[in-house]
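The structure is shown first, and the notes follow it.

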Amino acid sequence: MTWQEAEEPDHKPIGPAGAFRAVLRGVPLAIVVFGGLIVLLLVRLVEWPVFGLNRPITPYITRFVCRTGLRFLGIQFTVHGTPMTEKGAVVCNHASWLDIFSLNACQRIYFVSKSEVANWPGIGWLARSVGTVFVKRDRSDAANQKQVFEDRLKAGHTLLFFPEGTSSDGRQVLPFKSTLFAAFFTDALRDSMFIQPATLTYVAPDGEDARFYGWWGSMDFAPHLIQTLAAKRQGRIELVFHKPLKVSDYADRKRLAADCEAAVRSGLRLEGPSKP
């Protein structure tokens, strides 16, 4: 049986105390997220006409919201290594909706997401507001995809994408797909671009399933969010930034993707057995 076929974590009943904790954490989290979004949109009204694609102010608002959000959730957050200062992109393993908070909390980045997300109720609007780059997972759209990447990178944006193509249960790194790496091998970008691998490790609260924070497959967002908010004790998140890799040092996208995958795998720090 593969991990995709395994049953979802058997969460403990929340109960009255858990419901109280969910409200105690959830209300301030909602205030900072939606309040921050309102401020961001107001600032963007001025930022867009003046700076266009460049966003010198609003990414700092996103970063503040995500750092504060993690504090309200009560999850310990530790960072090892340093976000790169070179131009290019970050690639990371994908395990949870919490990835957005963790990765935004450390640096100014712009997520790359599949185009379908732009039309999702609520989430799509939020994603567009913070400058997410939407791409079609279609080879026929490869030329347009490369142009979108080139425009954003030339504007000084640091992109972030998940080469696994989907989220896992957080207990392993799935094989990397090399498709999106191709955009960095154009004549206009190859010699100046770097890719920094990063690894996210989620450590579950004591007594909980090791996959507690994992969000994958057909799992619904709302129940997972409530379970996270209601936890009696929270676990922790560890983010490791690895050495940036220069694109021009590689002959092709597949070799670059393979080295990025190896680096990400090397940083995954598992503790305790996973409960099937």
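## Nonpolar cores

The largest nonpolar core has 32 residues, and those with the most contacts inside it are Leu-73, Leu-98, Leu-103, Leu-160, Leu-200, Tyr-202 and Leu-239. A nonpolar core is here a set of buried Ala, Val, Leu, Ile, Met, Phe, Trp, Tyr and Cys residues joined through side-chain atoms within 4.5 Å, where buried means under 20% relative accessible area, exposed over 50% and partly exposed in between, with a 1.4 Å probe and protein chains only. Two or more residues of this core come from each of helix 1 (15-51), helix 2 (58-73), strand 2 (88-92), helix 3 (98-104), strand 6 (194-203), helix 6 (221-230) and strand 7 (236-241). Apart from this core lies another, of 28 residues, among them Val-133, Val-135, Phe-161 and Val-247.

The model is predicted, so that local features need pLDDT of at least 70 and side-chain atom pairs count only at pLDDT 80 or more, while totals for chains, interfaces and linings use all residues. Residues are numbered from 1 along each chain as its sequence is written, and side-chain values use heavy atoms, with hydrogens and water left out.

## Overall fold

The chain has 7 helices and 8 strands, taken as DSSP runs numbered from the N terminus (helices H or I, at least four residues; strands E, at least two). Its radius of gyration, taken over C-alpha atoms, is 19 Å, which agrees with the value near 19 Å for a compact globule of 276 residues, the rule being 2.2 Å times the number of residues to the power 0.38. Of the 276 residues, 50% count as buried.

## Two residues in contact detail

Setting aside residues up to four places away in sequence, Leu-200 touches Cys-92, Asn-93, Asp-99, Ser-102, Leu-103, Ile-237, Glu-238, Leu-239 and Leu-268, a contact being heavy atoms within 4.5 Å.

Thr-228 is placed in helix 6 and counts as buried because its relative accessibility is 0%. With neighbours within four places in sequence left aside, Thr-228 is in contact with Arg-25, Leu-73, Ile-75, Trp-97, Phe-212, Tyr-213 and Gln-234.

## Enclosed space

A search of the whole structure finds 1 cavity of 30 Å³ or more, a cavity being a set of points on a 1 Å grid over the protein atoms alone where a 1.4 Å probe fits but cannot get out, with lining residues having an atom within 4 Å of a point. The largest cavity holds about 30 Å³ of space, and its lining consists of Asp-169, Gly-170, Arg-171, Tyr-202, Ala-210, Arg-211, Phe-212, Tyr-213 and Gly-214. The volume is the space filled by probe spheres set on the points, which are joined across faces, edges and corners.

Methods:
1 Å grid on protein atoms, 1.4 Å probe; cavity = no way out; pocket = protein on both sides within 12 Å on 5 of 7 lines; lining within 4 Å.
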